[in-house]
Amino acid sequence: MTVAFLARVNLLRGVEPAGLEEWAGACRQKTYGRQETIFLEDAPADAFYMIKSGLVKIYRLTEEGREKILDVCGEGDFFGEMGLLDDSPRSAGAVSLRRVELLVMEKADFRRLLDKYPQVALNLSRVLSQRLRQANEQIQDLAFRDTRARIIRAMVAMVTELSLLEPGRDRIVLPLSHQELAGMAGTSRETVTRVMAELEKRGVVQSRRGSLVVNRAAMGDILLAGEEQT
Ligand code: CMP
């Protein structure tokens, strides 16, 4: 049973049937009900898990106690390898989202079998590389959101100042090129152009040569949107 399942797991792709028997021999099965903690973030890491059925949520808690879901893993996925590879505590918590059947392997067996089956170590590196790629995308996205908020703040500050000079006007002309706004917000001209294109679509800004025409009525929306996205 376990061997038939392991033959379909990507992590063990390329392992001969005799090898799969060896991996199966090192696993024991464990079942969790709905919403049960498998391990908590920072707990000591002593086992590796493969999901035979069900769904597992991998998450971290922010300082304010809010949950950030890193991944939801399903049948054939694995988790809990990081702490075993670098001898550190769990980098995230794991909880069952519904009834889950897991194959659990002790740390010593996992390390021994990885040494013995370099193909599996390579498969594992492939999955870790994909995770790193995803994490890089998220970092870039977060950095862009911060920049977007800075650009909007710089623009709004100037609109507020000029509005005092010209009260009651719907449209405020900011005598700023994209390059100059970029300098104020501490970012590149290209990023300002991207953000301005988005704001133009929303009817908030019109870019002219060397200036920006801001629709004050629509500014409330971008302030809200700016906050949402930071
Ligand atoms: P470990 O640190 O031992 O325990 C938590 C596990 O969650 C970790 O091993 C990985 O298996 C998994 N994990 C951690 N971060 C991510 C992530 N960004 N995406 C997917 N899985 C992760």
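Me: What order do the strands of the open sheet have, and what pairing?
Reply: In this predicted model, the open sheet of 3 strands has the order E9-E11-E10. The pairing is antiparallel.

Me: Why are E9 and E10 said to stand at the edges?
Reply: Strand E9 (171-174) and strand E10 (205-208) each have a single partner strand, so one side of each has no neighbour in the sheet. On average, neighbouring strands here are turned by 20° against each other, direction ignored.

Me: How do you know that E10 and E11 pair?
Reply: Pairing needs at least two bridges. E10 and strand E11 (residues 211-215) are joined by 4, so they count as paired. They run antiparallel. Arg208 stands opposite Ser211 in E11.

Me: Which strands does helix H7 touch?
Reply: Helix H7 (residues 189-201) packs on the sheet and touches E10 and E11. Its direction makes about 125° with that of E10. Helix H5 (residues 118-165) lies across E9, E10 and E11, at about 115° to E9.

Me: How do you know that the span of H7 agrees with its 13 residues?
Reply: At 1.5 Å a residue, H7 should span 18 Å. Its end C-alpha atoms are 18 Å apart, so the two agree.

Me: What makes the buried residues of H7 line one face?
Reply: Buried means under 20% relative accessible area. Thr191, Val192, Val195, Met196 and Leu199 are buried in H7. Seen down the helix axis, the buried residues fall within an arc of 130°, so they line one face.

Me: Which exposed residues does the face turned away from that side carry?
Reply: That face of H7 carries Arg194 and Lys201. Exposed means over 50%.

Definitions and conventions:
Residues are numbered from 1 along each chain as its sequence is written. This is a predicted model: local features need pLDDT of at least 70, side-chain atom pairs count only at pLDDT 80 or more; totals for chains, interfaces and linings use all residues. Side-chain values use heavy atoms; hydrogens and water are left out. Helices (H or I, at least four residues) and strands (E, at least two) are DSSP runs, numbered from the N terminus. Axes are lines fitted to C-alpha atoms, for helices over the stretch in contact, and angles run from 0 to 180 degrees between N-to-C directions. Contact means heavy atoms within 4.5 Å. The expected span of a helix is 1.5 Å times one less than its number of residues. Buried means under 20% relative accessible area, exposed over 50%, partly exposed in between (1.4 Å probe, protein chains only). The arc is that of the directions from the helix axis to the C-beta atoms.
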